[in-house]
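Please look through the following structure before reading on. The report below takes up its open spaces, its helices and some of its loop residues in turn.

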Amino acid sequence: MLQEIIQNFYLSQEEPNKSCLMALRDIILKQDNNIFETMKYGMPCFCYKKKAFCYLWTDKKTKEPYILMVEGKSLKHAVLEQGNRSRMKILRVKSTEDIPEKIITTVLKDALDLYRKGIIKA
């Protein structure tokens, strides 16, 4: 049932966002065997062990996809935007351009290391 809900989220997106979000999903899931996908707040949520570490969503104004990093305040990357959030930061991805996989992988690795090293309890 949950897998169906998750699948429907991706399939209901319009192109080019659908392909972009599905590619981002694959990039996130291949980072660690302890990552699993669920749905929270109506959006795909990726957990490391039992702790949410990032979400996929689209900006209400620009309609562009982004990765929401739960512990963004602990990550120091120029590509991350704090906005008016106290804890989280986002990494915007232009669905009409090549996905910057190397940058995304670096940010995800740093985020996961917060949990792997026990800085954030997983």
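## The largest pocket

The largest pocket has a volume of about 150 Å³, where a pocket is an open set of points on a 1 Å grid over the protein atoms alone at which a 1.4 Å probe fits, with protein on both sides within 12 Å along at least five of seven lines, and a volume is the space filled by probe spheres set on the points, which are joined across faces, edges and corners. Its lining, meaning residues with an atom within 4 Å of a point, is made up of V79, E81, L91, R92, V93, K94, E97, D98, P100 and I103. Five of these lining residues are nonpolar and five are charged, with no polar ones.

This is a predicted model, in which local features need pLDDT of at least 70 and side-chain atom pairs count only at pLDDT 80 or more, while totals for chains, interfaces and linings use all residues. Residues are numbered from 1 along each chain as its sequence is written, and side-chain values use heavy atoms, with hydrogens and water left out.

In α2, the buried residues are N17, C20, L21, L24, R25, I27 and I28. These fall within an arc of 165° seen down the axis, so they line one face of the helix. They pack against α1, β1, β2, β3, β4 (65–69) and α3, with contact meaning heavy atoms within 4.5 Å.

## Loop residues

P16, found in the loop between α1 and α2, is joined to E15 by a cis peptide bond with omega of about 5°.

Y41, in the loop between β1 and β2, is a residue other than glycine with a positive phi, near 55°, and at 70% relative accessibility Y41 counts as exposed, the cut-off being over 50%. K49, in the loop between β2 and β3, also is not a glycine and has a positive phi of about 60°; at 42% relative accessibility K49 counts as partly exposed.

Note on methods
Ala, Val, Leu, Ile, Met, Phe, Trp, Tyr, Cys and Pro count as nonpolar, Asp, Glu, Lys and Arg as charged, and the others, Gly among them, as polar. Buried means under 20% relative accessible area, exposed over 50%, partly exposed in between (1.4 Å probe, protein chains only). Helices (H or I, at least four residues) and strands (E, at least two) are DSSP runs, numbered from the N terminus. The arc is that of the directions from the helix axis to the C-beta atoms.
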